[in-house]
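Let's take a walk through this fold, from the inside out. Have the viewer open and follow along.

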Amino acid sequence: MAAMVESHSPQSRARARSVLQSLDLMSRLLTASCYRHGLNPAQWSALRYFAEAATKDCTPSAFARAHRATKGTISQTQMALTRKGLIEKITDAKDGRSITVKLTAAGVAQLAQDPWRAFEDVLMKGPDESVRQVVRIAELLTHAITKDSA
């Protein structure tokens, strides 16, 4: 039995391409916005993660899994944030191998200057249903990309 091939109209393909071009531009703008206040995009991402994650997930390993990054890459980011006084690593007294990461007061203050706040403000002004649709589409695309790369 031959495999079924879905056919899509040229207009449908053009609409999908237009959405992807918009997402690509938005991604570039988000990334470019994060070279501010002495941090790079990976460092901002780490600050956001450790500020929002449940305590049990505030570990280097959990952060690496959540961001699909190597432990080495995460280690470099954490060392930079530690040097800047924005995070601290707390070693478990019972298990010296277990490390929890938390933001320092300076890290919390830095996060108040998060470049993403301007983008969040725009999304917060939109109708809830529109924002939910954007989230669903982003999750759908993320799932498709990660499934294909696995």
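Within the largest nonpolar core, a set of 19 residues, Leu-47, Phe-50 and Leu-81 touch the most other members. (A nonpolar core here is a set of buried Ala, Val, Leu, Ile, Met, Phe, Trp, Tyr and Cys residues joined through side-chain atoms within 4.5 Å; buried means under 20% relative accessible area, exposed over 50%, partly exposed in between, with a 1.4 Å probe and protein chains only.) Helix H2 (41-52), helix H3 (60-66), helix H4 (71-83) and strand S2 (99-103) each put in at least two residues, and H2 gives the most, with five. Helices (H or I, at least four residues) and strands (E, at least two) are DSSP runs, numbered from the N terminus.

A caveat before going on: this is a predicted model, so local features need pLDDT of at least 70 and side-chain atom pairs count only at pLDDT 80 or more, while totals for chains, interfaces and linings use all residues. Residues are numbered from 1 along each chain as its sequence is written, and side-chain values use heavy atoms, leaving out hydrogens and water.

Back to Leu-47: setting aside neighbours within four places in sequence, its contacts (heavy atoms within 4.5 Å) include Leu-39, Leu-81, Ile-87 and Leu-103.

What about disulfides, that is, pairs of cysteine sulfur atoms within 2.5 Å? There are zero. Cys-34 is in none, the nearest cysteine sulfur being that of Cys-58, 19 Å away; that is too far for a bond. Cys-34 is buried at 2% relative accessibility, and Cys-58 is buried too, at 5%.

Notes
A disulfide is a pair of cysteine sulfur atoms within 2.5 Å.
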